[in-house]
Each structure stands twice: as C-alpha cells, then as structure tokens.
Amino acid sequence: MEETFPVRQWRVPTSLPAAKVAGAVLLISLGLLFADGDPVRLALAGLVSAALLGWAARDLVAPVRLAVDAAGLTVVHGFAARRKLPWATIEAISVDRRPRLGLATEILEIDAGQALHLFGRYDLGDSPGDVARVLHTARTAAGA
C-alpha cells in the first residue's frame, strides 16, 4: 500500500518559533526597561519569556506534529516524543468547529481509544479540515 499513498507530514510553520523567540526577547527588554528596580516585575517578565522560549524550543525540536502513511499515523506525544497509531487503533477522525471571540476555530481530533490527539492550524501549518480529508483518504486507501 506504500505505493498508493505516500508519506505526508504536517508541521509547525517556520515563522511561529521565530515569533515566539522575538516575543520572549521583547518581554525581557520591556521588563528591563520598566522594572524600575522592582525584582517582581523583572522576574515575571523572565518567567513568561522562559515559557515562550520553551514553547519555541518544542517547535524546533519536534516541528512535525502529524504524519500519515499506509500503516497509520504518527503523532507528537508529550514534549517531543512520537507515537505511532496503526489504523486499527484509530476510532474516529473529526474536525471540531466552534465560534470563539467572533472567529471560527477548527481543531482536528484523532480519537485513538484511550487517547485523544488535538491539532490546530498552527500545529499543522494547514487547515484542520483539509488535513482531515487527507487522513480519511489515506485511511480508505489503506483499507482500514
């Protein structure tokens, strides 16, 4: 079946980690500029910057969030580990659409029995609806 459906991957857009690092640098700069000798303000800016840098590090260490091949799916699990999900373990693939703050958001949901894997647009670098269609096609091509 490998010939009928090639491996396909979805990854974090390359601009996203750069934006997170820039945000962390900006926060530290603002903290230093406006701290006025207050260690709490500086510590808070440092803490939020460290969280942003950790989030950016995850994007750099594990940029591929989801991959599909004839055998099943590979999803990111935890900080940067990967988990292989054979087609037989996947119960449902759906897209949850909800209006939030005047905007419609989409989340790709992959139900693997004991685990539910959720991916947004910024995890995939593509529309969750489009990714769901590709996954359904792959699942059908694999005969699952």
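This is a predicted model: local features need pLDDT of at least 70, side-chain atom pairs count only at pLDDT 80 or more; totals for chains, interfaces and linings use all residues.
Residues are numbered from 1 along each chain as its sequence is written, and side-chain values use heavy atoms, with hydrogens and water left out.

The chain has four helices and seven strands, taken as DSSP runs (H or I, at least four residues, for helices; E, at least two, for strands) and numbered from the N terminus. Read from the N terminus on, these elements follow the order β-α-α-β-β-β-β-β-β-α-α. The radius of gyration, taken over C-alpha atoms, is 19 Å, well over the 15 Å that the globule rule (2.2 Å times the number of residues to the power 0.38) gives for 144 residues, so the chain is more spread out than a compact globule. Along the principal axes, the C-alpha atoms fill a box of roughly 65 × 35 × 30 Å. Of the 144 residues, 33% count as buried, that is, under 20% relative accessible area with a 1.4 Å probe, protein chains only.

Four strands form an open sheet in the order S1-S2-S3-S4 with antiparallel pairing, two strands being paired if DSSP finds at least two bridges between them. Its edge strands, each pairing on one side only, are S1 (8–11) and S4 (81–86). Four bridges join S1 to the antiparallel strand S2 (residues 64–69), and Arg 11 stands opposite Val 64 in S2.

Methods:
Buried means under 20% relative accessible area, exposed over 50%, partly exposed in between (1.4 Å probe, protein chains only).
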